[in-house]
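Hi,

Here is the two-chain model I said I would pass on.

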Amino acid sequence: MFDWIRRYGVLKKRDDFWGELDEELKEHVRMMAEDFERQGMAPREARQKALREFGSVDQIREQAYEAWGLRVITDLIRNVRASARSLVKSLGFSLSVVTTLALCVGANVAMFAVIDAILVRALPYPQAERLVTVFNSIPGYGLDRLRVSLPNYYERRGELKSFESLSIHRDASAVVGDEDSIRRLEGFFVSPEFFDTLETRLAMGRRNFTEEETHPDNARVTIITHELWQEEFSGELDALGRSLRLDGQPYQVVGVLAQGFDFLESGAAFFRPLASELEDRQGSGRYNRNNYGMIGRLRPGATVEDAQREVDAHNERLMEGISKARAADLKKAGYRSFVYNLHEDIVRSARPTLLILQAGAFALLLIGIVNLMNVFLIRAKSRATETAVRQSIGAGRLQIAKEIGIETLMLAFVGGGLGLLVGAVGIRMLDTLGTDQLPFGSSIALDGRVIAVSLAGTLCVGIALALPIIISSFRGNLSLALKAESRSGTGSRSSQNARNVFIVTQIALAFALLSAAGVLGLSLRKTLDTSPGFQAEDVFTAILGLPSAKYPEIHHVQSFISRLRDELEAMPGVEHVGLTSALPFSYRPDDNTIIVVGRTLEPGESHLSHFTGFVSGDYWQALGIPLIEGRFLEESDNREDLRVCVVDESVAKRYWPDQSAIGRLIRKAGERDPITIVGVVGTVKTQDLTESDPLGIVYAPLRLNPSRWMALALRTKMDTEALVPMINDVVRSIDPELPVDGARIMQERIDESLVMRRSPAVLAIAFASVALLLAAVGTYSVIAFAVSQRRREIGIRIALGARPSAVLKQFVGIGIRLLVAGIALGTVGAWYAGLGMKSVLFEVAPFHPNILLATAAILSIVVLFAISLPSNRASRVDPVEAMNGGQNS
Amino acid sequence: MTDKKNEVFQGSLELLILRVLQSGDRHGYGIAKRIEQVSGGAFSINMGSLYTALNRLLRKGHVETEWGEAETGRRAKFYALTDSGRAQVDVEIEQWNAGIAGVQRIIENA
């Protein structure tokens with residue numbers, strides 16, 4: 001420890017050290033000489049004897065310094081300084097290398113930061129790899145992915161041995177704050193052991209709800225996040241036992257979670273017990289109302305497969321308790337519960353796109369490396385004479401290799417360091433592309449881990465770059481190099497071949513990247529061209545959630561809606577006002593199994609589920625959803641004695657493909673009275689422009705599809721800045737304690753849904769552009785080098801009467817051969833890239849001939865231009881100058 | 001050079017330096033002279049070895065240096081034991097004795 005400090009002291013003050021040592025040794029010799037004089041020698045003789053006995057001062061100095069074990073470090077410092085000087089001398093070269101690396105490394109750093117945050121980093125819970133999610137699926141009902149039901153939880157809890165703990169949760173939101181600071185907070189209803197399952201740490205209080213608290217009468221308790229505790233209780237320690245007002249009702253705070261806890265980045269601030277009636281907790285209701293997310297913690301040693309087997313067997317046993325017909329129906333529809341690793345499940349949809357982009361960034365890095373290898377080889381070649389001369393006067397190959405290694409690594413690290421900066425900027429830019437909307441997207445950061453991996457990667461890049469040059473400099477025949485440069489004027493065949501292989505690789509990779517970007521871009525184009533089924537322009541939306549305490553009955557909700565509509569319709573500039581609980585591109589609407597009255601099921605067919613939602617006012621007119629048949633719902637349809645609804649075209653076509661749906665009767669599973677269809681409207685995309693096979697929507701008046709959650713839709717030409725305060729004022733005038741959420745234009749909602757398509761395409765195109773540029777630069781430098789190498793030969797040929805056009809043809813020919821080989825190889829690459837991207841493409845074949853042709857055309861134009869510059873120069877070589885001058889042109 | 005005299009045993013030089021410095025601070029030449037004198041001229045010291053050993057002791061922190069006025073009236077670098085150096089003398093002597101005893105046993109019994 002102290003050893004290092006003392007050594008560092010010497011290292012830092014090397015010059016002082018050497019100076020003092022010199023003085024010390026000189027004094028030593030002088031004293032010796034004086035002693036000899038005292039013994040009677042003549043001064044001159046004494047001095048000579050002293051010097052002789054002392055030995056070589058230089059050698060002693062070196063030995064003394066050796067004792068500090070600093071030789072390696074000092075040598076390194078000297079080499080680095082020398083390399084830095086030489087790199088600064090060839091500034092253009094250094095800059096181009098550093099820029100290439102910075103771009104390529106930066107792209108990878110940014111992508112890796114995203115991948116690390118989303119796919120690699122474990123969920124922020126202890127032993128998160130043991131957390132799983134369980135969900136139901138009834139494909140035969142059109143429901144591939146449901147959540148779970150309340151009985152699923154109560155019947156499985158404690159029964160399944162693979163689970164250490166099992167819990168369910170369901171979104172809740174509530175209005176918090178005084179009249180002037182009113183705001184809506186997200187929260188969750190959770191089963192008692194929810195935080196046990198996650199193993200969440202607490203700031204204070206308890207993290208479990210009791211079984212008593214799951215009964216509706218005792219459920220007025222809450223566990224809150226550290227942040228909410230700070231906001232609402234100023235972090236006071238007596239907050240426990242005090243009450244927090246949620247939706248105007250008091251809830252006793254029984255626990256405060258540790259700082260920073262954010263359940264799956266939901267932003268949820270409070271948690272309430274999931275209360276239910278005892279009779280709802282078991283029985284055949286388990287197959288309906290799949291409204292709860294289920295998270296389980298596996299026992300140590302239990303695997304997802306163990307849990308899956310156990311859940312399957314348990315489901316099988318429960319099926320024995322229901323009617324044979326129902327069991328047969330469910331089985332026919334493929335009812336099943338799936339157990340997935342929680343983290344994998346959350347990131348599943350983002351995963352393929354992210355991996356594709358990382359592959360793209362990596363391809364870019366490869367192109368960069370190959371490009372640089374070429375540039376380095378060319379540089380080494382043009383310095384071959386210098387190297388050979390140095391070798392012939394005794395510089396060791398090791399020394400030369402060391403210099404090359406240090407030089408390359410230095411460039412790599414400067415480039416890599418700048419790459420980190422580019423990456424940091426890139427991460428910022430990704431943010432604007434919407435990565436913060438990805439699961440865990442807000443935790444994307446350039447942290448120590450990412451930096452460490454990036455630096456390690458940079459080291460590998462440096463080594464990869466240095467190796468070929470070192471190898472070639474070891475293999476390179478000294479005398480040949482000397483001769484070749486000065487006389488014959490043609491480069492050695494094997495190194496020319498290596499350069500050609502590199503350039504072909506580069507063109508191939510650029511081709512694959514370009515075509516992949518093209519395919520992604522076309523897929524985006526097709527997505528954007530897809531109609532959502534409504535006219536998003538001039539539609540403004542906002543979300544309202546009425547607290548049940550204040551609006552206990554449906555007629556309370558109804559009168560709120562009526563007042564709101566009246567007020568808004570009276571506003572100048574507002575064309576249509578509508579409300580619905582099934583707004584596209586917002587929360588997923590409820591779904592219900594719908595039974596068509598009088599229709600017998602075909603063998604193998606099940607009753608399907610459709611989305612259900614209420615509509616009030618001019619909702620369809622506001623969104624611009626067309627009326628296909630019949631009529632829209634009207635205010636009078638809300639009457640007690642009427643049961644009418646509107647279905648979308650997908651529902652109508654599914655059941656009455658060639659007939660009118662008007663007047664037909666349907667009913668919701670679990671309800672007795674049928675509902676008459678009075679109108680058919682256009683089908684809309686509900687979550688995603690690319691969705692096919694829509695679930696279909698059944699729209700009904702509020703009384704038939706009651707909901708306290710609703711979206712407001714306005715058709716108006718007013719802009720958002722003007723609208724938001726107006727709507728806020730209107731809502732406040734009706735209910736001063738009701739916040740308006742999610743106020744934005746419809747197009748914004750659609751744009752948000754496109755984040756996993758737009759951003760990848762934008763990034764891929766950015767990567768491809770850089771790749772194209774690099775390929776052009778790479779080809780240019782190789783041909784330019786070939787030209788400069790063969791100046792003498794060209795000069796002779798021109799002197800002997802060769803036409804400049806023949807010379808031009810020769811070099812363009814070389815370039816075209818490289819280009820064709822690159823494109824051929826690139827087509828293979830594009831094939832594999834296409835295969836990898838298949839799952840994320842929309843209406844585009846992964847291997848698209850037109851895109852390949854366009855890619856080939858673009859690449860050819862750019863590369864041919866890059867070739868033409870040096871080839872042109874070749875054809876204008878002045879023979880006299882070429883014969884006299886050096887190789888540098 | 002003084003061929004006939006023995007070179008100091010490898011590794012024992014540091015011990016000798018430490019021991020010599022026990023009787024007072026000395027400069028490099030002083031140390032060399034003292035070792036030669038006390039050994040009755042049995043050892044000569046290679047200057048390269050001397051300065052290597054001194055620097056090694058500096059690195060280990062057993063000695064420290066200070067510029068002072070030598071008997072010549074000129075500036076010279078003086079070496080002095082540090083606390084750890086003082087402790088080290090005993091350790092090294094013990095090790096040396098143990099080593100010698102071992103060598104002795106082998107000579108007599110092997």
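What share of the contacts in chain B with a separation of 6 or more comes from residues 24 or more positions apart? The answer is 54%, where two residues are in contact if their C-beta atoms, placed from the backbone, lie within 7 Å. For chain A, 83% of the contacts with a separation of 6 or more are between residues 24 or more positions apart.

Some housekeeping before the rest. This is a predicted model, and local features need pLDDT of at least 70, side-chain atom pairs count only at pLDDT 80 or more, while totals for chains, interfaces and linings use all residues. Residues are numbered from 1 along each chain as its sequence is written, and chains are lettered from A and ligands numbered from 1 in the order in which they are written.

Chain A as a whole

You'll find 28 helices and 21 strands in chain A; helices (H or I, at least four residues) and strands (E, at least two) are DSSP runs, numbered from the N terminus. Its C-alpha atoms fill a box of roughly 130 × 85 × 60 Å along the principal axes. The radius of gyration of chain A is 38 Å, whereas a compact globule of 889 residues would come out near 29 Å. That radius is taken over C-alpha atoms, and the globule rule is 2.2 Å times the number of residues to the power 0.38. Of the 889 residues in chain A, 41% are buried. On burial, a residue is buried if 20 or more other C-beta atoms lie within 10 Å of its own, exposed if 12 or fewer, and partly exposed in between, with C-beta atoms placed from the backbone.

A:Arg44 sits in helix α3 of chain A and counts as exposed because it has 10 C-beta neighbours inside 10 Å.

Domains of chain A

Between them, 14 residues of domain 2 of chain A are in contact with twelve residues of domain 4 of chain A. On the domain 2 side, β2 (163–176) and α11 (324–332) of chain A each supply at least two residues, and β2(A) gives the most, with three residues. By class, that side has five nonpolar, five polar and four charged residues. For the classes, Ala, Val, Leu, Ile, Met, Phe, Trp, Tyr, Cys and Pro count as nonpolar, Asp, Glu, Lys and Arg as charged, and the others, Gly among them, as polar.

If you check phi, two residues of chain A are worth a look. A:Glu265 is not a glycine, yet has a positive phi of about 55 degrees. A:Glu265 lies in the loop between β7 (249–257) and β8 (270–273) of chain A, and is partly exposed, with 15 other C-beta atoms within 10 Å. A:Arg289, also a residue other than glycine, has a positive phi near 45 degrees. The loop between β8 and β9 (293–298) of chain A holds A:Arg289, which is partly exposed with 17 other C-beta atoms within 10 Å.

Chain B

Chain B has four helices and five strands, running β-α-β-α-β-α-β-β-α from the N terminus on. Its C-alpha trace spans about 55 × 35 × 20 Å along the principal axes, and 30% of its 110 residues are buried.

How do α1 and α2 of chain B pack, and at what angle? Helix α1 (residues 13–22) and helix α2 (residues 28–38) of chain B meet at about 100 degrees with their axes 10 Å apart. Axes here are lines fitted to C-alpha atoms, for helices over the stretch in contact, and angles run from 0 to 180 degrees between N-to-C directions. So α1(B) and α2(B) are roughly perpendicular to each other (angles under 35 degrees count as roughly parallel, over 145 as roughly antiparallel, 65 to 115 as roughly perpendicular and the rest as oblique). B:Leu16, B:Ile17 and B:Val20 of α1(B) make the contact with B:Ile31, B:Arg34 and B:Ile35 of α2(B).

Where A meets B

Finally, 21 residues of chain A are in contact with 16 residues of chain B. On the chain A side, α1 (2–12), α2 (14–38), α3 (43–54) and α4 (57–66) each give two or more residues, with the largest share, seven residues, from α2(A). That side divides into eight nonpolar, four polar and nine charged residues.

Cheers
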